[in-house]
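Let's take a walk through this model together, starting at a single residue and widening the view as we go. Keep the viewer open while you read.

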Amino acid sequence: MTYRELIELYKAGELELEQQKKIEQDIERQEAIGDYLYEKEEIPELGDVFTEKDDTDFVKVVNRSIRSAFRKLGLAVLAVTLVLVLFIQFCLPSVVSRFYYNPAKEAKAGQSTQTQFSRDMAAYTELFLPGKRRVSATVESKGYGDYNFTIPQTFSMTGTMTDVSGYITRGKIHYYDSNVLKTPVGNSFFWNQADAKSKTSSASENVAYMEKVADLKEGESISTSAGGNKEDSKAYIKDLDSRKMYLAYVSLENIMDYPSFAKYIQKQKINEVWCGVQTNAFDSLDGDPSYTLHTSNIGFVCNPSSFSPIAWNDKKYPNLFPGCKINKDGWIDEADSAIKNLYKGKYAKQHFLSLLNYLTDQEKFVQMMSESGNTGTFNAGILAQAKSYVKKHGLHIYGYATVTDKETLEELINQKEVYSIYTEEMQ
């Protein structure tokens with residue numbers, strides 16, 4: 001009778017008591033050997049384990065060793081799989097996100113916490129979006145560099161609020177409605193692409209010079225502004241709806257130094273004025289008696305209508321967001337003095353340069369926005385050019401933008417300081 005047949009009889013309970021005990025002893029011995037092999041991770045010499053009479057036990061030892069090896073391999077595979085699953089679920093999304101712009105990064109501001117996107121958009125919209133400044137944003141991280149965002153409107157002259165929503169996917173921004181925060185057209189202001197008779201001539205003198213050089217026929221005229229000339233603007237404003245509000249781009253008759261502009265604007269009955277800053281010099285080609293100015297629609301708000309708590313490094317970017325400093329209680333401190341300070345040339349210049357310096361340091365944000373197709377000519381080069389010119393020449397204002405009504409626009413266009421006005425209806 002083979003040992004395997006004895007095992008079958010043992011299982012069936014048909015062995016005598018003495019044979020049954022012998023089988024149980026064998027089983028106990030083999031279990032002990034299996035445990036020993038599992039702990040040592042090796043198979044001892046067979047001669048040390050078996051006698052010649054244990055030929056049938058050899059198969060059991062090998063089988064037990066194989067089972068132990070597979071059991072250990074299974075546990076190792078399970079452990080590795082578990083680690084990979086946990087890594088993919090909890091770590092990989094954040095690891096991938098590190099390679100791209102992270103709008104959800106937190107920035108503490110007193111008692112509140114704002115996102116990196118809030119601060120970046122506050123600087124960007126003030127510089128490049130006249131009349132559309134936004135100072136806060138909420139961001140939902142989805143992992144793997146994907147985010148949902150909402151940019152709320154916190155101040156309105158029309159009585160309605162329009163939020164902007166979209167998503168950012170691995171450094172690419174997408175708006176659900178790209179028109180709300182679209183930058184102004186290139187010729188919103190007269191001076192953006194003006195040919196000048198001299199570096200100090202007025203807008204009217206420049207137009208007369210350009211028309212003379214162009215040898216126009218009677219009744220023809222030239223204009224580099226979307227608002228046309230003064231008469232064109234008057235006719236256009238006359239047809240506006242007195243019940244609506246408009247975003248007006250006001251071109252000045254003469255480019256003003258900032259102190260002169262500050263005195264002028266304080267006399268006007270308008271809210272939140274964005275002033276366009278000259279960021280290029282008048283250039284003249286060899287042999288060409290005229291001067292050409294190609295400046296960008298870039299500027300800052302000189303009298304904010306609203307303030308929100310924003311945290312920033314004030315030593316690195318002094319006066320970055322006037323009126324938004326947080327006191328020890330977590331509230332905005334000295335908001336009223338912000339407007340008074342912004343009318344001072346030195347303070348305003350520092351504020352403008354801090355905006356430029358801050359955005360220059362946000363390389364991933366700048367790259368994302370410059371590639372969005374919604375920002376005109378915004379890029380790192382524009383920021384560098386503006387910084388260089390203003391540091392050397394100071395602030396000079398070629399125009400301003402504000403949200404107002406038809407009645408106020410009729411008053412503005414009749415001022416000697418104003419050359420033309422181009423408007424967009426506010427939704």
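Asn192 sits in the loop that runs between strand E6 (172-175) and strand E7 (193-196); helices (H or I, at least four residues) and strands (E, at least two) are DSSP runs, numbered from the N terminus. The model is a predicted one, where local features need pLDDT of at least 70, side-chain atom pairs count only at pLDDT 80 or more, and totals for chains, interfaces and linings use all residues. Residues are numbered from 1 along each chain as its sequence is written, and side-chain values use heavy atoms, with hydrogens and water left out.

Is Asn192 buried or exposed? With a relative accessible area of 2%, Asn192 is buried (buried means under 20% relative accessible area, exposed over 50%, partly exposed in between, with a 1.4 Å probe and protein chains only). A polar atom of the Asn192 side chain lies 2.6 Å from the backbone oxygen of Gly186. Leaving aside neighbours within four places in sequence, Asn192 is in contact (heavy atoms within 4.5 Å) with Gly186, Leu293, His294, Thr295, Asn297 and Tyr398.

Asp239 is exposed, at a relative accessible area of 66%. Along the sequence, Asp239 and Lys406 are 167 residues apart, while their C-alpha atoms are 9.0 Å apart in space.

Now for some backbone angles. Most residues other than glycine have a negative phi. Tyr144, however, has a positive phi near 60°. Its place is the loop between strand E3 (138-143) and strand E4 (146-151), and Tyr144 counts as partly exposed because its relative accessibility is 31%. Asn319 also has a positive phi, of about 60°, although it is not a glycine. This residue belongs to the loop between strand E11 (299-301) and helix H9 (335-342), and Asn319 is buried, with a relative accessible area of 17%.

Let's step back to the whole chain. The protein chain has 13 helices and 13 strands, and 44% of its 427 residues count as buried. Among contacts between residues at least 6 apart in sequence, 68% join residues at least 24 apart.

Technical notes. Polar contact = N/O pair within 3.5 Å; in protein donor to acceptor, adjacent residues only side chain to side chain.
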